[in-house]
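Here is a quick walk through a model with several chains. Have a look at the sequence and the fold first, then read on.

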Amino acid sequence: MSAAWTRVSAVAAKDLTAERRAKANIVAVTSLGALTLLVFGFAIGPDVATLRTAAAGILWLSVLFSGVLVFHRSYQIELDGGALETLLLYPGERWEIFAGKLLANLCVVLLVEAIVIPVALVLYHVTVPDTWPSLLAVIVLGTLGFVTLGTFYAAMASRTRSKEVLLPLLLFPMLVPVLLAATEGSAALLSGDPMGDAGAWLRLLVVFDVIFLLAALFVFEHIIEA
Amino acid sequence: MTARAPTVATITASQRWRVLGIIAPLVLIGAQTFGFMTSPPDRDMGDLQKIMYVHVPAAWNAFIAYFIVFVASLRYLFTKDERHDLLAASAAEAGAVLTALTLMLGSIWGRPTWGVWWTWDARLTSTAVLLMIFVGYLALRAFTDDPDRRARWSAAVGIFGALNVPIVYMSVRWWRTLHQVQSSPSTVDPAYAWGLRLNAIAVLLLLSYFIARRYQIALMERRLEHWRDEVALTPGGEPVHA
Amino acid sequence: MSVAASASSVVREPATQPAGSALSLVGITRRFGHKWALRGIELDVAFGDLIVIQGHNGGGKSTLLRVIATAVQPTGGSGRVLGKDLKRDATQIRAQSGLLGTSNGLYEDLSATENLLFAARMLGVRQPTPRVAEALRQVGLASDADERVRAFSSGMQRRLALARLLLQQPKLLLLDEPFNTLDADGTALVHDLMAGARERGGAVVVVLHDLARLGVAPSATYTMTMGRLS
């Protein structure tokens, strides 16, 4: 088992190092996220009440659009130097490669969120509630579902002719439960969760994450090839 | 992993399906007539309610189609027999058509009833998401040229999409109950139940016919490709480029 | 040495395995879309052999190497590599064979050391840090160890890929145009790698245009045209 963990962490560390070296990329992705928030703000108008209601949804949309870029890049570094073939020839199982990339992408997207969320709080006049630990749980679990499916589908979409279209086309419908749970859960918690709804949404996120994480780990070996 | 080419026997089995192609529409006409004749106009909707006899069976059978996609995709991953992939693709096409039909009928039904072409009704919305999931499946197939890769990728996407169907429905329903006390058109008066069941069976027969026909076409296309490939493999045979 | 390519795509299991065969392929075919890259390959390589495959571009030589390495699954046919079944025991084959492809398989934003450390961890090499340093020294890249690969010349990148093979010490060495972009020192490195694999009781399969750079007489030479071996 520890041999597997060595490989998983090696892949994750390698991806993160490559990401760190190309700092311009994370900066660009984060800027895009912040920009989306701004532009949505223009589209909705300056009425504070409307902004506050829309905040959670717009925030997650911004994360979705920026995150897609992260997933593409994760495979681009393998394709650039012909490294994918070499990667697939190391001893070990394919799911280890998936797990490593998943971890790396998770770190990157969480980092982007760490910057974009405060921007959203400011732009949309949202105050941090007492229920913020639960809010954090919603954010992390929602991100995990997003990154799991994103890393999985990008393995295929990045290899096709129209990857910019195909990845969102495949990914976004699949993310509807995550989007609903994350936005409704966040919205409820931001207003103090008077109805106690957040618990149900959290449970949905957990179920979703478990199902698709397992499914992805099992099926990844069938979809990845040099 | 030699792909097993479809045999001639498989193709002549189409005789049976031809019979179904005649029976199914007849059953549908019969079931529709039954529905029209036996059910009284609805209190609220009047004769518009009759649209349910296509809308609801279409929705139910779309689920059946996606279940076929799920099972066929799983079987492909386990056996690598391309026939399962072709069956999954045929079922996905038929399912997508039925889903689009469900959506359109739901929209048409909604216009006179609520005055709008679209409501964010739980089931209508879920159906729209479902349609997009399988449009994605078909798009992926269209963008992937190599048949082996296309089969494996489709199987993965088909399995994931089918897994998500119940989750999507659940989450959208919760979402709607939070925001609106919904008067759902689904409360089925027992007077309609038999009409719905008969029509559901009729649409099921039609669905089976369409999937079988589509599958046979796909098998024949693959058979043709295999023949071409075998020619290309013989010594002196020229490589055939598609 | 087995010759005439089989035209049939029928799957045949080899009836008897020659004792101590490093590599044995029967009826291997591979299709990409509608184009057949391999059309019924038969090949036997004994332990200690050095096999050369020549041929024009597009003949399928690279695809054949990749099938042996298990990077690519054959569409049809069967084979045994180092005694393991090509399809069922692919992971075990990978542990003992090393492929040097036409591209070097490097991450350009990482340094030479980082690339090799990654490879070492994936290969399960014990004490990766000193082994990596030693490998870099052997290929003459010790002074550029912390430079990003992006800044390397193609010859240096090739040598880094060779260093990865040095780390692995594979039993079956598969080389695709190994001498490309290499100078005399680099060529000597490849010779050492090949000799090392054979001394360990393994075998070497090389795809090559120019026999002259091989430096030693091969056990057998094949030519590959349009997916067939002769």
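What follows takes the chains one at a time and then turns to where they touch.

## Ground rules

This is a predicted model, so to speak of local features pLDDT has to be at least 70, side-chain atom pairs count only at pLDDT 80 or more, and totals for chains, interfaces and linings use all residues. Residues are numbered from 1 along each chain as its sequence is written, while chains are lettered from A and ligands numbered from 1 in the order in which they are written.

## Chain C overall

Chain C has 6 helices and 10 strands; helices (H or I, at least four residues) and strands (E, at least two) are DSSP runs, numbered from the N terminus. Its radius of gyration, taken over C-alpha atoms, is 18 Å, close to the 17 Å that the globule rule gives for 230 residues, so chain C is as compact as a globular protein of that length. That rule is 2.2 Å times the number of residues to the power 0.38. The C-alpha trace of chain C spans about 55 × 35 × 35 Å along its principal axes.

Of the 230 residues in chain C, 53% are buried. A residue counts as buried if 20 or more other C-beta atoms lie within 10 Å of its own, as exposed if 12 or fewer do, and as partly exposed in between, with C-beta atoms placed from the backbone. Take the contacts in chain C between residues at least 6 apart in sequence: 72% join residues at least 24 apart. Two residues are in contact if their C-beta atoms, placed from the backbone, lie within 7 Å.

## Strand β1 of chain C

β1(C), residues 21-32, is mostly covered, with 10 of its 12 residues buried. β1(C) runs antiparallel to β2(C) (residues 35-46), and 9 bridges join them; strands pair if DSSP finds at least two bridges between them. C:Phe32 has C:Lys35 as its bridge partner in β2(C). The hairpin of these two strands has 2 residues between them, and there C:Gly33 takes a positive phi near 65 degrees.

β1(C) also pairs with β4(C) (residues 76-81), again antiparallel, over 5 bridges.

## Helix α4 of chain C

In α4(C), residues 128-138, the buried residues are C:Val132, C:Ala135 and C:Leu136. Seen down the helix axis they fall within an arc of 100 degrees, so they line one face of α4(C). The arc is that of the directions from the helix axis to the C-beta atoms. These buried residues pack against α3 (112-123) and α5 (154-168) of chain C. Just after α4(C), C:Gly140 has a positive phi of about 80 degrees.

## Chain B and its side towards chain A

Chain B has 7 helices and 0 strands, and 40% of its 242 residues count as buried. Among its contacts between residues at least 6 apart in sequence, 79% join residues at least 24 apart.

Where chain B meets chain A, 24 residues of chain B are in contact with 23 of chain A. On the chain B side, α5 (122-143) and α6 (147-179) each supply at least two residues, and α6(B) gives the most, with 15. That side divides into 19 nonpolar, 4 polar and 1 charged. Ala, Val, Leu, Ile, Met, Phe, Trp, Tyr, Cys and Pro count as nonpolar, Asp, Glu, Lys and Arg as charged, and the others, Gly among them, as polar.

## Chain A against chain C

This contact takes 22 residues from chain A and 22 from chain C. On the chain A side, α1 (2-21), α3 (48-80) and α4 (83-89) give two or more residues, with the largest share, 8 residues, coming from α1(A). The residues there divide into 11 nonpolar, 6 polar and 5 charged.
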